[in-house]
Amino acid sequence: MKFRVERESLADAVAWTAKSLPARPPVPVLAGVLLETDNDRLTVSGFDYEVSSQMGVDVQTDTPGRVLVSGRLLAEITRALPNHPVELEADEARAEIVCGTARFTLPTMPVEDYPTLPEMPTVAGAVDADEFATSVAQVVVAAGKDDTLPVLTGVRLELEGDRLTLLATDRYRLAVRELTWRPGAPDVSQHALVPARTLSDTARAMSSGTEVTLALSQGTTGEGLIGFSGAGRRTTTRLLDGQFPPVRSLFPDSHAIQAKVPTATMIEVVKRVSLVAERNTPVRLAFTSGMLTVEAGGTEDARASESTDAVFDGEDIEIAFNPQFLLDGLNALGTEVAVLSCTTPLKPAVLTGEEADAESKPVNESAYRYLLMPVRVSQ
């Protein structure tokens, strides 16, 4: 195999594919990336039996062929190469990379031992790439990281007609984002539980394109898989097993108290005050008419407090939260104003967003909601 390609294109394709490779593969070939050339097109593939990644790049092909080399090493090399066209020539024993005056020789792995990548499931529809990436980023902050509870490490995708809903929870907070998409069939009704990390990496990488195509298993076609394609990339991942908890009922039907604070201001105040909050120590938010006071620390420890203006409706209340969970929700809003709605200091609070000029720039309150469980504090 022999081809010539632009360094940046090759580095991008290899980095994207190698990102999903296992750190400790059960068999050596799964640490490799497969390079295939045909008709002036290079396809870079990776697969670990859970996640498959593939990206195509235009090249000048002298000799078509296939070669399997270490993915992480190739990613490091292509990232470090000078900004010149790259020539790669390979035989059964080794691959040689030449870029300017830089030359690397890598051992190859047996291509015949490499598993076949799964086929893409049936296409279900498409969604705007930028909006999908933003929505996924807003939701994954609430996904669990405890592998002993694998169901909570995923994001639930619900496809109902032209409405796509993303949900994630780690039992302490819950994030929900709704957006419109373009289903392949108007009466589509499907759901899937996707590993949060894979979904996050995929949505971010495909945001450079115009749209992302979603493909979901139907019947025996791509059973147990979900696929995404866009921006010249495609990936499939196995779905998580288990039943996602019925979390929608956690959102209160109404609220007795609502406060509005500029999002950037509230983030800075919580960050500063939480500097004295030790591990698992909450920050306390006290709302009174026209004022929010954030406090942290105890009588014998370091203490901090800071006040800022707030638009407040309801009776005075003091409510406490895990500071990092609160900051995750505030940072995910993406709006000028944060709206905190609650009923009592011990029941879940809901963060939504709105713009400063809400009349001329309305925000759909149901588009993104972040529910946060308060922390009980001793008086």
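I start with a term: the expected span of a helix is 1.5 Å times one less than its number of residues. Helices here are DSSP runs of H or I with at least four residues, strands are runs of E with at least two, and both are numbered from the N terminus.

Some ground rules. This is a predicted model, in which local features need pLDDT of at least 70 and side-chain atom pairs count only at pLDDT 80 or more, while totals for chains, interfaces and linings use all residues. Residues are numbered from 1 along each chain as its sequence is written, and side-chain values use heavy atoms, with hydrogens and water left out.

Now the chain as a whole. It has six helices and 27 strands. The C-alpha trace spans about 75 × 50 × 45 Å along its principal axes. Of the 379 residues, 52% count as buried; buried means under 20% relative accessible area, exposed over 50%, and partly exposed in between, with a 1.4 Å probe and protein chains only.

Next, helix 3, residues 129-140. Its 12 residues reach 16 Å from the first C-alpha to the last, close to the 16 Å expected at 1.5 Å a residue. Asp128 caps the N-terminal end, with a side-chain oxygen 3.2 Å from the backbone nitrogen of Asp130. Among the buried residues of helix 3 are Phe132, Ser135 and Val139. Ser135 counts as buried because its relative accessibility is 0%. The side chains of Ser135 and Arg177 are joined by a polar contact of 3.4 Å. A polar contact is a pair of N or O atoms within 3.5 Å; within protein, one must be able to donate a hydrogen and the other to accept it, and residues adjacent in sequence count only if both atoms are side-chain atoms.

Why does Glu354 count as buried? Because its relative accessibility is 16%. The side chain of Glu354 makes a polar contact with that of Lys260, at 3.3 Å.

On to the backbone. Most residues other than glycine have a negative phi. Asn39 has a positive phi of about 55 degrees. Asn39 lies in the loop between strand 2 (32-38) and strand 3 (41-47), and it is exposed, at 69% relative accessible area. Ala231 also has a positive phi, near 55 degrees. Ala231 is in the loop between strand 17 (221-230) and strand 18, and is partly exposed, at 29%.

Last, the largest pocket. A pocket is an open set of points on a 1 Å grid over the protein atoms alone, with protein on both sides within 12 Å along at least five of seven lines; lining residues have an atom within 4 Å of a point. The volume is about 690 Å³, taken as the space filled by probe spheres set on the points, which are joined across faces, edges and corners. There are 27 lining residues, and Val51, Pro195, Arg197, Thr198 and Asp201 lie nearest the centre. Strand 4 (51-58), helix 4 (196-205) and strand 18 (233-238) are the elements giving two or more residues to this lining. Helix 4 supplies the largest share, five residues. The lining draws at least three residues from each of domain 1 (2-109) and domain 2 (123-248), with bounds from an automatic or database domain assignment.

Definitions and conventions:
1 Å grid on protein atoms, 1.4 Å probe; cavity = no way out; pocket = protein on both sides within 12 Å on 5 of 7 lines; lining within 4 Å.
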